[in-house]
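User: I am new to reading protein models. Can we go through this one step by step?

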Amino acid sequence: MAVNTSLTTRIDSLDSNTNRLSSILGTTRSDLEKLNKTLINTTLKLNDTASMLLEQDNKLNTLLIDMNTTLSLKLNDTAAKRLEQDTKLYGLLNDLNTTLSLKTNRLSVSVNMAYTLANQTEKTLNTFKNSTESSLVSVLGGLTSLEGNVNLTKDELSLTISNTTKEVENASKLQGPIGPPGFNGSQGLIGPVGPAGPQGFNGTQGTQGITGAQGFNGSQGAQGATGPQGPQGGGDFSQCIHKTSTQTGSQGPVTSLSPAAPVKVILGEPSDKRIVGVTCSSDIVTQQPLLKTQTNPANDQLFYYCECYGHYGSGQQSVQCIMHYWECPLTT
């Protein structure tokens, strides 16, 4: 009986545990079903999210391709513009170097001409100085010689006066000369021929006069006739005329490395003239006008260009470009 009771108790306990496990199992199965539904929903949502992400990834790839294409085009365009600007800048630098070279050469020619003129002037002054000193020496020598001649003449005059005084005294002691004949009287009777009279004494020979002093140089003769005019000498710029040429235009402000279109002044050198000393300026102080030269290959005529570029203000402004130059005849 006791064994049966114990078995019954255990069986009841097992039934109770079994019921509890069945209840737990049912709860677990319900939870698993809920979890399965949740996993299914989550999987669906993940699939939708994956589709959306894939679609966005495709759109992003397309956008990146478009951006790369746009950037590549812009970079190529920027490189082309930069190359164009570099080319323009290189051209401007070459023109500037050419202008500076021309001005340097002309300045060198002017300096050489001035140096030559200074040397010629120095030689002329030295020649004049030497000639003047030689003339002064000659004049001083002449004055010294004249002073000696004056003293010698004074001594000789004193001697001559003394000798003349003695001769007068000696002559006063001699028989005087025969007086002049009287007037004819009335004709008398012819008388006898008288004896010949004695021969008169010979007069005393006078002393030789002293040599006179050397006379002064005669006055300068009249100026000779003016000779024909000689050819025009080199380096005479007195016939050159200063001139200006002006051009006015409207320009916008400088907003990038590409300057606005310049206002140009163009001057062609005449066939019978020579253009020198060309410079460019503008009525806008901040501008840096550019001077260029070019030769027409058809007739070798030289042209000068003044190019005045845009301003750094705002809006459109009137720009006046001015070329200064000297026009000289070809004989200069």
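User: Which residue meets lysine 88 in a salt bridge?

Analyst: This is a predicted model. Side chains of opposite charge can pair when their charged atoms come close. Here the N to O distance is 3.8 Å, and a salt bridge needs a distance within 4 Å. The partner of lysine 88 is glutamate 84.

User: Why are lysine 88 and glutamate 84 separated by about one helical turn?

Analyst: Lysine 88 is partly exposed at 47% relative accessible area, and glutamate 84 is partly exposed at 45%. Both residues sit in helix H1. They are about one helical turn apart because their separation in that helix is 4 residues.

User: How many residues apart are aspartate 95 and lysine 292?

Analyst: These two form a salt bridge, with the closest N and O atoms 3.5 Å apart. Aspartate 95 lies in helix H1, while lysine 292 lies in strand E4.

User: Is glutamate 307 buried or exposed?

Analyst: Glutamate 307 forms a salt bridge with lysine 264, the closest N and O atoms being 3.8 Å apart. Glutamate 307 is in strand E5 and lysine 264 in strand E2. Lysine 264 is partly exposed at 41%. Glutamate 307 has a relative accessible area of 4%, and buried means under 20%, so the answer is buried.

User: Which residues are linked with Asp95 in a network of salt bridges?

Analyst: The structure holds 8 salt bridges. Among them are the pair of aspartate 95 and lysine 292 and the pair of glutamate 307 and lysine 264. The network links Asp95 with Lys264, Lys292 and Glu307.

User: In what order do the 3 strands of the open sheet lie?

Analyst: The pairing is antiparallel. Strands E2 and E4 are the edges, since each pairs on one side only. Neighbouring strands are turned by 20° against each other on average, direction ignored. The order is E2-E5-E4.

User: Which residue in E5 stands opposite valine 265?

Analyst: Strands E2 and E5 run antiparallel and are joined by 6 bridges. Valine 265 faces a residue of E5. That residue is cysteine 306.

User: Which cysteine forms a disulfide with cysteine 306?

Analyst: A disulfide is a covalent bond between the sulfur atoms of two cysteines. In this pair the sulfur atoms are 1.8 Å apart. The S-S torsion is about -80°, so the link is left-handed. One partner lies in strand E5 and the other in strand E3, and the other is cysteine 280.

User: How many residues apart are cysteine 240 and cysteine 328?

Analyst: Their sulfur atoms are 1.9 Å apart, and they form a disulfide. Cysteine 240 is buried at 11%, and cysteine 328 is buried at 3%. Cysteine 240 sits in the loop between H1 and strand E1, while cysteine 328 is in strand E6. They are 88 residues apart.

User: What pattern do the disulfides of the protein chain follow?

Analyst: The count comes to 3 disulfides. One of them joins cysteine 308 to cysteine 321, S to S 2.0 Å. Both of these cysteines are buried. With bonded cysteines counted along the chain, the pattern is 1-6, 2-3, 4-5.

How values were computed. Residues are numbered from 1 along each chain as its sequence is written. This is a predicted model: local features need pLDDT of at least 70, side-chain atom pairs count only at pLDDT 80 or more; totals for chains, interfaces and linings use all residues. Side-chain values use heavy atoms; hydrogens and water are left out. Two strands pair if DSSP finds at least two bridges between them. Helices (H or I, at least four residues) and strands (E, at least two) are DSSP runs, numbered from the N terminus. Axes are lines fitted to C-alpha atoms, for helices over the stretch in contact, and angles run from 0 to 180 degrees between N-to-C directions. A disulfide is a pair of cysteine sulfur atoms within 2.5 Å. Buried means under 20% relative accessible area, exposed over 50%, partly exposed in between (1.4 Å probe, protein chains only). A salt bridge is a side-chain nitrogen of Lys or Arg within 4 Å of a carboxyl oxygen of Asp or Glu.
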